[in-house]
Amino acid sequence: MSNKLFTFHKIVAGCEEGSRKAWEAFLADYTPIVFQLSDVYFGFSPQKQNDFWRDAVAQLSANNFDTLKRFEHQAEREFLMDLRDFLLEEGAEKLDPALDSAETPRPTPEAVLGLLKGLPLLDQEVLFFKLCGYSDATIEKILVTTPAVAQKGLERWRAEYPALLAVSDDRCVWPAAWGVVLRTARKAKTEGCPPLRHFVRIHEGGFQWHEKEPAEEHVTGCLHCLSRWTALREIWHWRKQAKPRPADEIEALLSALPLRTETKARKTLFKRMFG
Ligand SMILES: [Zn+2]
C-alpha cells in the first residue's frame, strides 16, 4: 500500500478525525516500525506482538484520540519519538524480569553511566546501541559507519560483557532491566538538555559547527540526551527500512479503532483534507 500521496500531517490529522483511510495509511507506515522496536526491546511472540500493538492503537484512539493528540505534531521524526516513548512505556509493563538473561550482569543506570563515562560520542552511541541489543551489522546501518571505529568503547564492552560478543540478532538480552534504564533516562531531563529539534537538525546536517559542538558535548554527559539522540537515529533508520505488512494484519488492527462512518458531510471534510 503506498502512502506517498498522504503527507505525515494529513495522515495524523485524518487519524484524529477517525478517518479509516488515514488510519490505514498510519498503520501501513508505522506497524513495521512498531514491530521492529518490539522485536528488539520486548522479544514478544508474534501473537503477543500483534495483541500489544492492537491494544496500543486502541489506547491511542481512546477518549477521542486524546493520547495521539498529545504527541508532537510539528514533524514526523518528533512525532515518532513520542510514539516510541509511549510504546516503550506500555511494553515495559508487560515484561517479566525473570525472563532476562542471567548469564551476564544486568545493566543498571549507574552501570551504564560508568561504562560510557569519558568516551567520545561515537563510542557512546555504539555502546548504547549494543546495550539495546543491536547487532554490529545493524549498528553499522544505523550509524552509517562501522562500529569497529569505537575502539575505546569496544575495549570496555569486551571487558564488561564478554558473554555478548557473539550477538548477531537484534534483540535485547535483558528487556526488563534495559526497560528500567530507558525509563530512568526518559525521566532524567534537566533544564540544560537541548530541545529534540536541535538533535534533529544536527542529524539532518542543518547546524553550524559552533552550535553542534556544545550540543554533542552535552549528549556525552547526559543519559537522557544520549538515549534521545540514539533513538532519533534508530527510529529514522527503521522508518526508511519499513517493509509493508500483510493487508489482513492492517485490517485486523483497524477493527480495534473507533472509526467514523463516512457520512456525506464528513466526506466533504475528508475531501478537503485528502483531496
Ligand atoms: Zn541532557
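Okay, let's start with the kink: helix H3 bends by about 120 degrees, centred on Asn-64. Keep in mind that this is a predicted model.

What does that look like end to end? H3 covers residues 46-70, and a straight helix of 25 residues would span 36 Å at 1.5 Å a residue. Here the end C-alpha atoms of H3 span only 29 Å.

Now, which residues of H3 are buried? Going along the helix, we have Gln-49, Phe-52, Trp-53, Ala-56, Val-57, Leu-60, Ser-61, Phe-65 and Leu-68.

Overall, the structure holds 17 aromatic pairs. Let me pick one of them, Tyr-161 with Trp-174: the ring centres are 5.7 Å apart and the planes sit at 55 degrees, so we call this pair tilted. And where are these two? Both Tyr-161 and Trp-174 lie in the loop between helix H8 (151-160) and helix H9 (175-187), so the pair ties together parts that are 13 residues apart in sequence.

Buried or exposed, then? Tyr-161 is buried, at 4% relative accessible area. Trp-174 is buried too, with a relative accessibility of 0%.

That's my tour, so over to you.

Definitions and conventions:
Residues are numbered from 1 along each chain as its sequence is written. This is a predicted model: local features need pLDDT of at least 70, side-chain atom pairs count only at pLDDT 80 or more; totals for chains, interfaces and linings use all residues. Side-chain values use heavy atoms; hydrogens and water are left out. Helices (H or I, at least four residues) and strands (E, at least two) are DSSP runs, numbered from the N terminus. The expected span of a helix is 1.5 Å times one less than its number of residues. The bend at a residue is the angle between axes fitted to the seven residues ending there and the seven starting there. Buried means under 20% relative accessible area, exposed over 50%, partly exposed in between (1.4 Å probe, protein chains only). Rings of Phe, Tyr and Trp (its six-membered ring) pair if their centres lie within 6.5 Å; planes under 30 degrees apart count as stacked, over 60 as edge-to-face and the rest as tilted.
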